[in-house]
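User: I have a chain open on my screen and would like to talk it through with you. Could you take a look?

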Amino acid sequence: MTIGAILYGRTGPVISARQDDSVRAVIDLLAQHRIGAVPVIDGETIVGIFSERDLVRLISSYGPDALDRKIDDVMTKSPVTCDSGMAVIGALSQMTQKRIRHLPVVDEGRLVGFVSIGDLVKYRIDKIEAETAAMRDYIAS
């Protein structure tokens with residue numbers, strides 16, 4: 001089970017932000033798509049990530065004025081990433097150790113996907129349930 005298996009079948013671009021976007025615009029993007037984080041990209045290269053945690057920290061430090069700042073000034077730079085060949089269990093372990101909930105997927109320097117811890121847990125549960133059903137069928141036959 002690899003990250004690539006989770007990304008397989010997903011269509012459309014990764015929801016992302018640009019460095020010159022305002023915090024307000026990115027918050028609107030998060031709300032519109034009902035997501036908790038976005039990668040910040042320059043072309044196809046990831047340069048940062050902005051999450052709900054970043055927003056909470058930002059509002060705590062700067063109050064409402066934070067909404068007019070540029071994402072480049074407040075994003076988490078050099079985010080933890082993985083590649084599509086990474087095992088799901090390895091990605092889950094990495095996310096747990098680093099205490100992060102979103103993981104950009106980068107192949108050959110290019111952002112190819114974005115997964116949340118929820119995506120990985122759901123995939124694992126679905127896989128385990130399918131294996132359990134197959135084992136039950138095998139035992140019953």
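User: Of the contacts between residues at least 6 apart in sequence, what share joins residues at least 24 apart?
Analyst: In this predicted model, 57% of those contacts in the chain join residues at least 24 apart in sequence.

User: And what order do the elements come in?
Analyst: Starting at the N terminus, the order is α-β-α-β-β-α-α-β-α-β-β-α, which gives the chain 6 helices and 6 strands.

User: How far does the trace extend along its principal axes?
Analyst: The C-alpha trace spans about 65 × 30 × 30 Å along those axes, and of the 141 residues in the chain, 33% are buried.

User: Let's go to α3. Which of its residues are buried?
Analyst: Helix α3, which covers residues 52–62, buries Asp-54, Leu-55 and Leu-58. Viewed down the axis of α3, these buried residues fall within an arc of 100°, so they line one face of the helix.

User: What do they pack against?
Analyst: The buried residues of α3 pack against α2 (23–33), β3 (45–51), α4 (71–74) and β4 (76–77), whereas the face turned away from the buried side carries the exposed residues Val-56 and Ser-60.

User: Which residue just after α3 has a positive phi?
Analyst: That is Gly-63, whose phi is about 70°.

Terms used
Residues are numbered from 1 along each chain as its sequence is written. This is a predicted model: local features need pLDDT of at least 70, side-chain atom pairs count only at pLDDT 80 or more; totals for chains, interfaces and linings use all residues. Side-chain values use heavy atoms; hydrogens and water are left out. Helices (H or I, at least four residues) and strands (E, at least two) are DSSP runs, numbered from the N terminus. Buried means under 20% relative accessible area, exposed over 50%, partly exposed in between (1.4 Å probe, protein chains only). Contact means heavy atoms within 4.5 Å. The arc is that of the directions from the helix axis to the C-beta atoms.
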